[in-house]
Amino acid sequence: MIPGNRMLMVILLCQVLLGGTNHASLIPETGRKKVAELQGQAGSGRRSAQSHELLRGFETTLLQMFGLRRRPQPSKSAVIPSYMLDLYRLQSGEEEESLQEISLQYPERSASRANTVRSFHHEEHLETVPGPSEAPRIRFVFNLSSVPENEVISSAELRLYREQVEEPSAAWERGFHRINIYEVMKPLSERAQAITRLLDTRLVHHNVTRWETFDVSPAVIRWTKDKQPNNGLVIEVTHLHHAQTHQGKHVRISRSLPQGHGDWAQLRPLLVTFGHDGRGHALTRRTRRSPKHQRSRKNKKNCRRHALYVDFSDVGWNDWIVAPPGYQAFYCHGDCPFPLADHLNSTNHAIVQTLVNSVNSSIPKACCVPTELSAISMLYLDEYDKVVLKNYQEMVVEGCGCR
């Protein structure tokens, strides 16, 4: 994995070669002469071609770090599920005022074993599957081919939206539905009925409007890890007392159902997977970050952390990176003078190296480098218009020292 400081240098160079105008946000003052020099070189045809070749190489390196084969080109029809936005806001520890608006419960157990969350909408074609009861059984197919080979799915959930159903008071106490979720083991054919197995079930009351979450981990793990055929899922909605009036009509599983509140694009069934690609730590719900206190130092030329805001619009990636729009990455810069003071966070080796340098200038001084790095979460659209929430390690400099 590319260390955080190398990754930042790649972003900086990409921005330079792209010829962005907002250099102040991305490039420290000490590097602006080099920017002008590089842009001057890009004036000639041959050097311009070399610059574009370098840009392609840098972008390829960055995309590989993000686990992407090519740069995403989101379509206008791409939908960002509200659940994924809320999950990002909860996971990244955004403003407390914003968090108060979120009613969903953070999936601590699922997220604790994953550094990647992916969301999938079902294929538009819906198929009615015959079953033992008179209740409608609808088959859904979710295309999971975009999940990388190196990503191990640890759990998955199916989210269904249901709306409150107004019923006469006499029938109110009996206003219960049961929602059953099945995996299709063998699809329906001309010779045989479909074979299904029950994955999860829930008894719900009519008088609540909310999302229901069902555990479909066994099916998704079979399809991804065990490479078994993906024949889809079946949703069955039955009334507890077999009443026909509102049988399943409040559960949003079809575009043809009454629209109710909201839009079908946001209320349609959503499959969410939690996986880990073996890189870095799992997702953890973060509290709101407090800015690190920088001690005032007599010599501001000494090694310390400097501000460096990475704006994704500067590198033209704001069309597929949903959140954040950018982040404060910071960078380390400054002298490591002899003798090294305690606040320079030095190792014993750095102290010895600096001591030797004081008597032998052929030995270089210790360098000012990051000593502590932290992760950020990113919400983005991948190459297939699927929305992904991923934890990326070593993206923010938290501390600097002489090493």
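Colleague: How many of the 11 residues of helix α5 are buried?
Modeller: This is a predicted model. In it, helix α5 spans residues 82–92 and is mostly covered. Its buried residues include Y83, M84, D86 and L87. Y88, R89, L90, Q91 and S92 are also on the list.

Colleague: Which residue follows α5, and what is its phi?
Modeller: G93 comes after α5, and its phi is positive. The value for G93 is near 70 degrees.

Colleague: Which strands stand at the edges of the open sheet of 5 strands?
Modeller: The sheet has antiparallel pairing and the order β2-β3-β8-β5-β6. β2 (127–128) and β6 (195–205) each have a single partner strand, so one side of each lacks a neighbour in the sheet. The edge strands are β2 and β6.

Colleague: Which residue of β8 stands opposite I138?
Modeller: Strand β3 covers residues 137–140, and strand β8 covers residues 233–239. The two run antiparallel and are joined by 4 bridges. Opposite I138 stands I235.

Colleague: At what angle does helix α9 run to β6?
Modeller: Helix α9 takes in residues 217–224. It lies across β5 (176–186), β6 and β8. Its angle to β6 is about 145 degrees.

Colleague: What pattern do the disulfides of the protein chain follow?
Modeller: A search of the whole structure finds 3 disulfides. One joins C303 to C368, another joins C332 to C400, and C336 and C402 form a disulfide too. With bonded cysteines counted along the chain, the pattern is 1-4, 2-5, 3-6.

Colleague: Is the disulfide of C303 and C368 right-handed or left-handed?
Modeller: The S to S distance of C303 and C368 is 2.1 Å. C303 lies in the loop between β9 (270–276) and β10 (304–306) and C368 in strand β15 (residues 368–381), so the pair ties together parts 65 residues apart in sequence. The torsion about the S-S bond is about 75 degrees, so this disulfide is right-handed.

Colleague: Are C303 and C368 buried or exposed?
Modeller: Buried means under 20% relative accessible area. C303 has 3% relative accessibility. C368 has a relative accessible area of 15%. C303 counts as buried, and C368 is buried.

Colleague: How many residues apart are C332 and C400?
Modeller: The disulfide of C332 and C400 has an S to S distance of 2.0 Å. It is left-handed, with -85 degrees about the S-S bond. C332 is in strand β14 (residues 331–333) and C400 in strand β16 (residues 387–402), so placed that the pair links distant parts of the chain. They are 68 residues apart.

Colleague: What is the handedness of the disulfide of C336 and C402?
Modeller: The sulfur atoms of C336 and C402 are 2.1 Å apart. C336 sits in the loop between β14 and α11 (348–359), C402 in strand β16, 66 residues apart. Both C336 and C402 are buried. The torsion about their S-S bond is about -95 degrees, so the disulfide is left-handed.

How values were computed. Residues numbered from 1 in each chain as written. Predicted model: local features only at pLDDT ≥ 70, side-chain atom pairs only at ≥ 80, totals over all residues. Heavy atoms only, no water. Pairing = 2+ DSSP bridges. Contact = heavy atoms within 4.5 Å. Axes fitted to C-alpha atoms, helices over the stretch in contact; angles between N-to-C directions. Buried < 20%, exposed > 50% of the residue type's maximum accessible area, 1.4 Å probe, protein only. Disulfide = S-S within 2.5 Å.
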